[in-house]
Amino acid sequence: MIYGIDIGGTKIEITVFDENMQQKDNWRINTPTDCYQEFISAISDMIFEADGKFKLKGKVGIGMPGLSDQNGLSLSANISIANGQNVAKDLEDRIHRKVLCENDCRCFALSEANGGAGYGYKSVYCAIIGTGAAGGYVVNNEIVLGRQKIAGEYGHLQLPADLKEKYDLPLRQCGCGLPNCYESYVSGPGIEFIYSHITGKNSKVPDIVKEWRTQSKEALKVFDCYMDILGSCFSNIILNYDPHAIILGGGISLIDEIVEGLAVNINSHLFKGFSAPPIYKAKFGDASGARGAALLAMGKD
Ligand SMILES: [Zn+2]
């Protein structure tokens with residue numbers, strides 16, 4: 001058995017898979033947020049509970065938000081108690097077996113490339129567009145992590161000057177410390193920002209989408225600006241990775257108009273004669289984190 005554990009800021013989910021990636025069990029707990037030792041104990045207890053249920057010692061893969069430095073110490077995690085800690089190593093000490101741990105967006109990418117919407121493509125770029133913007137690049141079913149494991153952080157590419165000028169956009173300080181990241185414009189909060197920038201009013205994504213569907217002049221202006229920026233952002237992904245397919249996940253990928261309009265908007269930012277690859281919605285949705293985490297551990301001892 002393989003345990004895929006998806007650690008989030010509010011919930012920790014464990015999914016038990018057999019060697020054919022068939023789901024056998026799944027449950028979740030609230031993420032302990034006060035004490036790091038409690039956090040490690042809670043995850044260990046889930047693993048021991050799974051061992052007890054299936055009467056074996058399963059393999060363990062973990063996906064969690066944030067990056068890790070070259071010593072495996074957690075950085076900029078949504079789970080602040082884990083900052084500066086080596087979660088994989090501390091768990092290994094508790095449960096006496098190997099623990100493979102990666103960024104949750106890279107786990108999503110691994111899952112979608114292996115039996116998901118990217119099945120059958122040699123290289124796949126999987127992008128989550130939600131409250132943030134991050135993803136992962138998978139070649140021949142393996143994640144490409146790069147030297148510092150940040151390959152896939154497309155949200156922190158920088159918005160070009162021509163688009164800033166075209167839409168009279170101010171510099172937006174990103175949480176990462178850089179001044180002008182695409183994430184500030186293409187994420188859910190980014191849509192809300194563009195809406196208020198153009199209309200002078202505040203609105204939330206579901207209401208903005210409703211307005212788009214009324215085809216009002218003002219709403220269409222917001223949609224065109226957003227799609228232009230998103231197309232530009234993904235044209236960078238193509239220039240950097242040239243993937244055979246792009247898979248979209250996260251809350252914003254559930255808006256059909258965005259998925260359907262993306263290719264045309266990418267193409268307008270590419271050289272003549274080159275174009276966007278097929279673009280699909282993710283197959284596994286929220287289950288992708290745990291599934292990708294399990295795939296990390298599959299076949300590894
Ligand atoms: Zn940034």
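Where is the place of Gly116?

## Basis of the model

This is a predicted model, in which local features need pLDDT of at least 70 and side-chain atom pairs count only at pLDDT 80 or more, while totals for chains, interfaces and linings use all residues. Residues are numbered from 1 along each chain as its sequence is written.

## Gly116

Gly116 lies in the loop between helix H3 (104–113) and strand S8 (123–129), where helices (H or I, at least four residues) and strands (E, at least two) are DSSP runs numbered from the N terminus. Gly116 is buried because 25 other C-beta atoms lie within 10 Å; a residue is buried with 20 or more other C-beta atoms within 10 Å of its own, exposed with 12 or fewer, and partly exposed in between, the C-beta atoms being placed from the backbone.

Not counting residues up to four places away in sequence, Gly116 touches Ser111, Ile247, Ala282, Lys283 and Phe284, a contact being a pair of residues whose C-beta atoms, placed from the backbone, lie within 7 Å. Ile198, by contrast, is 82 residues from Gly116 in sequence and 37 Å from Gly116 in space, C-alpha to C-alpha.

## Gly130

Gly130 sits in the loop between S8 and strand S9 (133–139), and Gly130 counts as partly exposed because 16 C-beta neighbours are found inside 10 Å. Leaving aside neighbours within four places in sequence, Gly130 is in contact with Ser187, Gly188, Gly250, Gly251 and Ile252; the C-alpha atoms of Gly130 and Gly188 are separated by 5.4 Å, although these two residues are 58 apart along the chain.

## Helices H8 and H9

The axes of helix H8 (residues 217–241) and helix H9 (residues 256–267) come within 8 Å and cross at roughly 70 degrees, which makes H8 roughly perpendicular to H9. Here axes are lines fitted to C-alpha atoms, for helices over the stretch in contact, with angles running from 0 to 180 degrees between N-to-C directions; angles under 35 degrees count as roughly parallel, over 145 as roughly antiparallel, 65 to 115 as roughly perpendicular and the rest as oblique.

On the H8 side the contact is made by Met227, Asp228, Leu230, Gly231, Phe234, Ser235 and Ile238, and on the H9 side by Gly261, Leu262, Asn265 and Ile266.

## The protein as a whole

The protein has 10 helices and 12 strands, and 42% of its 301 residues count as buried. Along its principal axes the C-alpha trace spans about 60 × 40 × 35 Å. Among contacts between residues at least 6 apart in sequence, 62% join residues at least 24 apart.

How values were computed. Two residues are in contact if their C-beta atoms, placed from the backbone, lie within 7 Å.
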